[in-house]
Amino acid sequence: MPTYIITGANRGLGLEFARQLTTTAPGPNTVLACVRSLQKTDLSALNQLSRHSSNNSTLTIHECDTSSIPSIHAFAASLPDDTKVDLLNNAGINSVPEQDSLNLTGDELQRHIATNVLGPAEMVKALLPWLSAGSVVFNMSSGMGSLGRRIVGDGKAVYAISKAALNMLSVHQAKDLEAKGVKVIVMDPGWVKTDMGGPRAVLEQEYSIGSMLKVVEQVKADDAYVGKAKFFQYDGKEVLW
């Protein structure tokens, strides 16, 4: 039974990943749904999923604040020794979309790097014993992190810089994990109707996540992805780095 670790699983795209993996995706699956805090996070949707799997999957909720190294390592220490995992690094922030290159602040840039780059880096480091041949590390990026696409304007410089850094991290992770047979992919979910996507977004969460899970399954089945990161759009089309 595949075991998926999902960060930022309590809302938005993370919650939709959890929903589909426990209901409509091929199963059964074991889902470890990670949230920032078990006390301060609204867990109602995840609790409902944990009680109503429709494909014989299981879902458990875990505290793992990806902006906190101690929290990441405490979560990893709770995992059974014989578990093989796939990691969906979904958690991220875009809290100052109004900041462009002329008014960005060091404090905000450092905060976004800590969550959007160091968090996924530390998750992989902490989970190394549970990543083995065939495992997939999925890093949620954005088209705004692509230098080739040149999506600029309307601020969002801090977020875009952090996602570009995440892309480069992924390239290095793929090479450094090659000997273990672990695959690393980066994905742009598209402009999705979430709190982060805003009211003008065009894609439904169900379609974006369903499409990305199909890409994950294709990658899991093909060893050609070992050692070389790929940047995909939600529908499987490659994105320029």
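**Notes on the sheet and its aromatic pairs**

1. Tryptophan 241 comes out as partly exposed, with a relative accessibility of 37%. Bear in mind that this is a predicted model.

2. What does tryptophan 241 pair with? Its partner is phenylalanine 231. The ring centres of phenylalanine 231 and tryptophan 241 sit 5.4 Å apart with the planes at 40 degrees, so I'd call this pair tilted. The two lie 10 residues apart and link distant parts of the chain: phenylalanine 231 belongs to strand S7 (residues 230–233), while tryptophan 241 is in the segment after S7.

3. Another of them joins tyrosine 225 and phenylalanine 232: centres 6.1 Å apart, planes at 65 degrees, so edge-to-face.

4. Seven strands make an open, parallel sheet, ordered S3-S2-S1-S4-S5-S6-S7. Strand S3 (58–63) and S7 are the edges, each pairing on one side only. On average, neighbouring strands are turned by 20 degrees against each other, direction ignored.

5. Within that sheet, strand S4 (residues 85–89) and strand S5 (residues 136–140) pair in parallel over three bridges. Asparagine 89 has asparagine 139 of S5 as its bridge partner.

6. As for helices, H1 (residues 12–21) packs on the sheet and touches strand S1 (3–6), strand S2 (30–35), S3, S4 and S5. The direction of H1 makes about 165 degrees with that of S1. Helix H2 (residues 44–51) lies across S2 and S3, at about 150 degrees to S3.

Key: Residues are numbered from 1 along each chain as its sequence is written. This is a predicted model: local features need pLDDT of at least 70, side-chain atom pairs count only at pLDDT 80 or more; totals for chains, interfaces and linings use all residues. Side-chain values use heavy atoms; hydrogens and water are left out. Rings of Phe, Tyr and Trp (its six-membered ring) pair if their centres lie within 6.5 Å; planes under 30 degrees apart count as stacked, over 60 as edge-to-face and the rest as tilted. Helices (H or I, at least four residues) and strands (E, at least two) are DSSP runs, numbered from the N terminus. Buried means under 20% relative accessible area, exposed over 50%, partly exposed in between (1.4 Å probe, protein chains only). Two strands pair if DSSP finds at least two bridges between them. Axes are lines fitted to C-alpha atoms, for helices over the stretch in contact, and angles run from 0 to 180 degrees between N-to-C directions. Contact means heavy atoms within 4.5 Å.
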